[in-house]
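This report describes selected local features and pockets of one protein model. The sequence and structure are shown first.

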Amino acid sequence: MKKTSLYILILTAVVACAFAGKSFWHLKVQNLTSRDGEAHYIYVYPHTTYEQLLTELQAHYRFASQFHFRLHCRMMHFSEPKTGCYLLGSALCDLDVIRRFRNQEQTPVQVTFNNIRTAPQLAQRLASQLMLDSLDIITRLESDSCMQHYGLNVATAVTLFIPDTYELYWNISPDALFERMQKEYRHFWNENRLEKAKALSLTPAQVATIASIIEEESNRQAEYPVIAGLYINRLKKNMPLQACPTVKFALRDFGLRRILEKHLQVDSPYNTYKYAGLPPGPIRIPRASTMDAVLNRQQHNYLYMCANADFSGTHHFSATYAEHARYARYYQAELNKRKIK
């Protein structure tokens, strides 16, 4: 009888040790293995439950022991996953997984925005990459009282967002996003750039406005400093900019291939054929490099530009209207020849 009790005791101890060893292995070494051998992003939305998280994990990972995972969750008092984006590796132990979701140890996501013309487009692009409602973003962008906090208004609001790739937390709040963009804005508009803008009698928003028109006028970056110099020359002489892209923006018809006389009649402060000076704000969100092209504009005596009739995307620059008119005739003739209306 004593022998039997001893055997039972030993067996119990062995089983307990085996269980403890297995539990330790899953807790500290490995329990989850990616189904495809790759790392995976796990997105936890507000009000996601523990069971919903488990289902999401199972979609991407195999559990060596789901029993031990649940046991370890109870031991670590984990029952409510924190909202966020988490990048999990291909092989994980319970301790690492539980700590990350319990302590909200998120993985920043890379957020990129470029080639954007309007505030609604910006709001939509940001909302597609972050856990944000585009309405929350556009409401701020279209509020003068909100944008005054950043020294901007509704017309210049988008200049706060300088196109680039940023690392942000997926669940960033709208307020935190705008504060981060203000930090990046101030980093770009350092003392050196502010001095260059001041020397041109321009504000940062006006520099961005000129840069935005340049990007719509040409995709040849080598021309940007030349075009910048041309527009600044016109501003100094109080000449209308007469930039076709501003008319497209005023009409909100970005597909126009040819600006006709009827288009020039649109009554909008963005119509630079009708109103002298710069429009109220940018007609797209310009790149940092284009704003630098404005700040470092080429000094020359050009006042006119016309697209090259070979449709190469380049332009002819002229100091006199007579020379410009000659190039314009060539270009108009080619438009007619190609039946572009």
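Is Q242 buried, exposed or partly exposed? Q242 is partly exposed, at a relative accessible area of 35%, where buried means under 20% relative accessible area, exposed over 50%, and partly exposed in between (1.4 Å probe, protein chains only).

## Basis of the model

The model is predicted: local features need pLDDT of at least 70 and side-chain atom pairs count only at pLDDT 80 or more, whereas totals for chains, interfaces and linings use all residues. Residues are numbered from 1 along each chain as its sequence is written, and side-chain values use heavy atoms, with hydrogens and water left out.

## Residues with positive phi

Most residues other than glycine have a negative phi. Q242 has a positive phi, near 50 degrees, and lies in the loop between α11 (224-236) and α12 (244-251). Helices (H or I, at least four residues) and strands (E, at least two) are DSSP runs, numbered from the N terminus.

N115 also has a positive phi near 50 degrees. Its place is the loop that joins β6 (109-113) to α5 (119-127), and N115 counts as exposed because its relative accessibility is 56%.

## Strand β6

β6 pairs with β7 (residues 164-168) in the antiparallel sense, over five bridges; two strands pair if DSSP finds at least two bridges between them. T112 is opposite T165 of β7.

## Pockets

Pockets were found on a 1 Å grid over the protein atoms alone: a pocket is an open set of points where a 1.4 Å probe fits, with protein on both sides within 12 Å along at least five of seven lines, and lining residues have an atom within 4 Å of a point. Grid points are joined across faces, edges and corners, and a volume is the space filled by probe spheres set on the points. The largest pocket has a volume of about 1200 Å³. It is lined by 40 residues, of which E217, C244, A307, H315 and Y331 are the closest to its centre. At least two lining residues come from each of α10 (204-217), α11, α12, β8 (304-307) and α14 (321-337), with α14 giving the largest share, seven residues.

The second largest pocket has a volume of about 190 Å³. Among its 13 lining residues, A119, V154, A155, F249 and R252 are the closest to the centre.
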